[in-house]
Amino acid sequence: MFFTFDKNKTYTLRKTLLWEYNLSNFNWYQMQDTVVQRVIERGRIEDFQFILSKYGLDEVKNSIKNIPELHDKDIAFVCTVFNLKKEELRCCSKMLLPGIH
């Protein structure tokens, strides 16, 4: 795994990643997929350490699979770092209907 973290250390997430939310009453588990997506799109290593310590590797991978849209570079990144296949990702399994663009 590319990211390492100490289970005994407390990590924090940069508040700017979730700027539009009130973090004083933020439900971290209800918004897990959103948090993981923001970290993938704009996060630093410390932010990845936060989500791994907060949710655990398996839950982070499940959230990644549920993200509806990711840029190609982010897809390549998560597939490489988290050992996922593109076919497992919701954002890659959407198919355009014929005639609809």
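Me: Leaving aside its neighbours within four places in sequence, which residues is Ile-51 in contact with?

Reply: Contact means heavy atoms within 4.5 Å. By that rule, Ile-51 touches Val-35, Val-36, Val-39, Gly-56 and Val-60, once neighbours within four places are set aside. Keep in mind that this is a predicted model, where local features need pLDDT of at least 70, side-chain atom pairs count only at pLDDT 80 or more, and totals for chains, interfaces and linings use all residues. Residues are numbered from 1 along each chain as its sequence is written, and side-chain values use heavy atoms, with hydrogens and water left out.

Me: Is Ile-51 buried or exposed?

Reply: Buried means under 20% relative accessible area, exposed means over 50%, and partly exposed lies in between (1.4 Å probe, protein chains only). Ile-51 has 1% relative accessibility, so it counts as buried. For the chain of 101 residues, the buried share is 36%.

Me: Which element holds Ile-51, and how many helices and strands are there?

Reply: Helices (H or I, at least four residues) and strands (E, at least two) are DSSP runs, numbered from the N terminus. Here there are 5 helices and 0 strands, and Ile-51 sits in helix α2.

Me: How do helix α1 and helix α2 pack?

Reply: Two packed helices are described by the angle between their axes and the distance between the axes. The axes are lines fitted to C-alpha atoms, for helices over the stretch in contact, and angles run from 0 to 180 degrees between N-to-C directions. For α1 (residues 32–42) and α2 (residues 45–55), the angle is about 155° and the axes are 9 Å apart. That makes the two helices, α1 and α2, roughly antiparallel. As for the words, under 35 degrees is roughly parallel, over 145 roughly antiparallel, 65 to 115 roughly perpendicular, and the rest oblique.

Me: Which residues make that contact, and how do they divide by class?

Reply: From α1 come Gln-32, Val-35, Val-36, Val-39 and Ile-40, and from α2 come Asp-47, Phe-48, Ile-51 and Tyr-55. For classes, Ala, Val, Leu, Ile, Met, Phe, Trp, Tyr, Cys and Pro count as nonpolar, Asp, Glu, Lys and Arg as charged, and the others, Gly among them, as polar. The contact of α1 with α2 has 7 nonpolar, 1 polar and 1 charged.

Me: At what angle do α1 and α3 cross?

Reply: The axes of α1 and α3 come within 9 Å and cross at roughly 85°. The pair α1 and α3 is therefore roughly perpendicular. Gln-32, Asp-33, Val-36 and Ile-40 of α1 meet Glu-59, Val-60, Ser-63, Ile-64 and Asn-66 of α3. Those residues of the α1 and α3 contact split into 4 nonpolar, 3 polar and 2 charged.

Me: And how do α2 and α3 pack?

Reply: Their axes, those of α2 and α3, are 7 Å apart at an angle of about 110°. That makes α2 roughly perpendicular to α3. Ile-51, Leu-52 and Tyr-55 in α2 meet Leu-57, Glu-59 and Val-60 in α3, giving the contact of α2 with α3 5 nonpolar, no polar and 1 charged residues.
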